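Let's take a walk through this fold, one piece at a time. Have the structure open and follow along.

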Amino acid sequence: MTVINVPLGERSYDIAIEAGSLDRAGELIGNRARNGRFVVVTDMNVAEVQFPRLKAGLRASDISVDPIVLPAGEGTKSWEQLARLSDSLLARGIERSDHVIALGGGVIGDLVGFAAAILKRGCNFIQIPTSLLAQVDSSVGGKTAINTTAGKNLIGAFHQPSFVLIDPTTLDTLPKREVGAGYAEVVKYGLIDDADFFAWCETNGPALMAGDPDARAYAIAASVKAKAETVAADERETSGRRALLNLGHTFGHALEADTGFSDKLLHGEAVAAGMALAFRFSASKDICSAYDAQRVTEHLKSVGLPAGLDEAGVHASGDALVGHMMHDKKMAGGTLPFILARGIGQSYLDKTISLADVAAFLDRERT
Ligand SMILES: NC(=O)c1ccc[n+]([C@@H]2O[C@H](COP(=O)([O-])OP(=O)(O)OC[C@H]3O[C@@H](n4cnc5c(N)ncnc54)[C@H](O)[C@@H]3O)[C@@H](O)[C@H]2O)c1
Ligand SMILES: [Zn+2]
């Protein structure tokens, strides 16, 4: 078992990664949470395919659970579902010493984490992420949120989990397109500051996509390590270090907005195209070599991810796309910070980019 600690003083916690760990959840969680009761919250898809394993794993340690099952999908990160979940938890008499377990993808993790943050001013919360995106990104770091009509993730809190349990075999039931979307965030860690890891992705990405358990476990551990280090250095995104995790996200946000935040383009798919755009934009400014930008583009395509506007199904003008970026919550004082790259593994935050240049670049990218 790989165990990675996130060192945050009294908010420190472990992330345990091992194939089959879900089936031993009682022993693994019971050890770390001796006091209190457990409540499991999941979505309808995960309730069917993975909850039975958790239930059996807990029962082996004489822990019985009756899950709260929410609808699947981004729409669940809403005021309405937050209210319903909070009321259900209160109706079960949840105390601060109890443990709310989020079993599911990033939607369940974000919503349940936020409910745990505000329930009785904060109760314990355990993440058991079951999508690749949640295993490598959203379950680590303590960002929790819901969406409102004004935008995504605008209402939320920092609330660190007390433990994260990752079983890579849960991905065996995850639709392949969702695996690809999570894989984009894996590649991101290589592109930010780990050229060796990107090279590993070039060699092993196709096997990971095809279901190779060793490749999956390795990529998850490497990603979690990278995210944990970033979070430990900049828990609340104040020093700029955590901002690098937004590589590909400003361009990607414009693509998601253009496709209506719908199933036409999943978040991770938008991030993939966004990272390729960030590298090609960097190359167009002579900040990065055309060779590195090409490597990024080729790798994403080789695993079936979109690496440009056309592949992402986006045909809007540069001006329209920049308009979407300006609605991004990271806009500050009239400029938009972009994560650009001097090369693979050499990303940095650039606050000097002209939006007119970005719009002209995007127009050149349209085919
Ligand atoms: N908190 C953070 O730091 C952070 C970071 C990145 C993303 N996010 C959030 O994460 C969310 C996206 O997460 P996601 O991509 O996991 O979406 P998701 O939770 O909607 O999961 C994707 C789909 O896969 C299904 N699913 C999950 N695990 C499964 C399994 N093992 N087998 C079969 N089906 C399974 C879900 O039911 C859903 O239909 C977004 O809301 C995003 O804002 C948060
Ligand atoms: Zn993302």
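**Through the sheet and out to a helix**

Start in the sheet, where strand β5 (residues 99-104) and strand β6 (residues 124-129) run parallel and are joined by six bridges. Within this pair, Ile101 sits opposite Ile126 of β6. Keep in mind that this is a predicted model.

Now for what packs on the sheet. Helix α1 (residues 25-32) does, with contacts to β2 (13-17), β3 (38-43), β5, β6 and β9 (163-166). The direction of α1 makes about 165 degrees with that of β9. Helix α3 (residues 51-59) packs on the sheet as well, touching β3, β5 and β6; its direction makes about 170 degrees with that of β3.

Zoom out to the whole sheet. Seven strands make it up, in the order β1-β2-β9-β6-β5-β3-β4. The sheet is open and its pairing is mixed. As a reminder, strands in a sheet pair through backbone hydrogen bonds, and they can do so parallel or antiparallel. Which strands stand at the edges? They are β1 (2-6) and β4 (68-70); each has a single partner strand, so one side of each is left without a neighbour in the sheet. On average, neighbouring strands here are turned by 20 degrees against each other, direction ignored.

One last stop is Asp110, which is found in helix α5 (residues 106-118). Is Asp110 buried or exposed? Its relative accessible area is 12%, and the cut-off for buried is under 20%, so Asp110 counts as buried. Leaving aside residues up to four places away in sequence, Asp110 touches Lys77, Ser138, Lys143, Thr144, Ala145 and Asn153.

Methods
Residues are numbered from 1 along each chain as its sequence is written. Chains are lettered from A and ligands numbered from 1 in the order in which they are written. This is a predicted model: local features need pLDDT of at least 70, side-chain atom pairs count only at pLDDT 80 or more; totals for chains, interfaces and linings use all residues. Side-chain values use heavy atoms; hydrogens and water are left out. Helices (H or I, at least four residues) and strands (E, at least two) are DSSP runs, numbered from the N terminus. Buried means under 20% relative accessible area, exposed over 50%, partly exposed in between (1.4 Å probe, protein chains only). Contact means heavy atoms within 4.5 Å. Two strands pair if DSSP finds at least two bridges between them. Axes are lines fitted to C-alpha atoms, for helices over the stretch in contact, and angles run from 0 to 180 degrees between N-to-C directions.
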